[in-house]
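Work through the exercises below with the sequence and the model open. Each task is followed by a solution in steps.

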Amino acid sequence: MQKQFRLRKNKEYNYIYKKGISTACKLLIIIYVPNRTGKLKVGFSVSKKIGKSVTRNRIRRLLKEGMRSIIQSVNPGYNYIIIARNAIIDKSLTEITQSLIYVLKREKLLNM
């Protein structure tokens, strides 16, 4: 995922957690909030409850790749945090991407 689309600062994450709207499916949770810049920013969170560092990093890579493949269709003007749930551990990239598409379409945040 390109640097221009990443959330970096702790202050940004805290703001989204505090003011954001959340939606979920069995694999992941998405919290989003409108921003003033009109640009798309995405952050990823994988808890230590999910597994050891190898597992968490694998899941984070899969989430980033899934989001990268649909980023052109996602509505700009929002900041997103994607949080992994326990059920995501043994899922493939296509299943994760389908979950992302499902949740974003349900919230009308996807232009597909």
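**Exercise 1. The sheet**

In what order do the 4 strands stand in the open sheet, and what is the pairing?

Solution. The model is a predicted one.
Step 1. Read across the open sheet: the order of the strands is β1-β2-β4-β3, and their pairing is mixed.

**Exercise 2. The β1–β2 hairpin**

Describe how β1 is joined to β2 and find the bridge partners of Ser22 and Thr23.

Solution. 
Step 1. Strands of a sheet pair through backbone hydrogen bonds, in a parallel or an antiparallel way.
Step 2. Strand β1 (residues 21–24) and strand β2 (residues 28–34) run antiparallel and are joined by 4 bridges.
Step 3. Ser22 has Ile31 of β2 as its bridge partner, and Thr23 has Ile30 of β2.

**Exercise 3. Three residues and their surroundings**

Are Ser99, Thr97 and Arg85 buried, partly exposed or exposed? List what each touches beyond four places in sequence.

Solution. 
Step 1. Ser99 belongs to helix α3 (residues 93–106). Its relative accessible area is 11%, which is under 20%, so Ser99 is buried. Ser99 touches Cys25, Leu27 and Leu28, residues up to four places away in sequence not being counted.
Step 2. Thr97 is also found in helix α3. Thr97 counts as buried because its relative accessibility is 11%. With residues up to four places away in sequence left out, Thr97 touches Gly66, Ser69 and Ile70.
Step 3. Arg85 sits in the loop between β4 and α3. Its relative accessibility is 34%, so Arg85 counts as partly exposed. Beyond four places in sequence, Arg85 is in contact with Ala24, Cys25, Lys26, Leu27, Leu28, Ile29 and Ile50.
Step 4. Take one of these contacts, Ile29. Arg85 and Ile29 are 56 residues apart in sequence, while their C-alpha atoms are 7.3 Å apart in space.

**Exercise 4. The largest pocket**

What is the volume of the largest pocket, and which residues line it?

Solution. 
Step 1. The volume of the largest pocket is about 240 Å³.
Step 2. The lining consists of Glu12, Tyr15, Ile16, Pro34, Asn35, Arg36, Thr37, Lys41 and Asn79.
Step 3. Sort the lining residues by type: 3 are nonpolar, 3 polar and 3 charged.
Step 4. Helix α1 (residues 10–19) gives the most to this lining, with 3 residues.

How values were computed. Residues numbered from 1 in each chain as written. Predicted model: local features only at pLDDT ≥ 70, side-chain atom pairs only at ≥ 80, totals over all residues. Heavy atoms only, no water. Helix = DSSP H or I, 4+ residues; strand = E, 2+ residues; numbered from the N terminus. Buried < 20%, exposed > 50% of the residue type's maximum accessible area, 1.4 Å probe, protein only. Contact = heavy atoms within 4.5 Å. Pairing = 2+ DSSP bridges. 1 Å grid on protein atoms, 1.4 Å probe; cavity = no way out; pocket = protein on both sides within 12 Å on 5 of 7 lines; lining within 4 Å. Points joined across faces, edges and corners; volume = space filled by probe spheres on them. Nonpolar A, V, L, I, M, F, W, Y, C, P; charged D, E, K, R; others polar.
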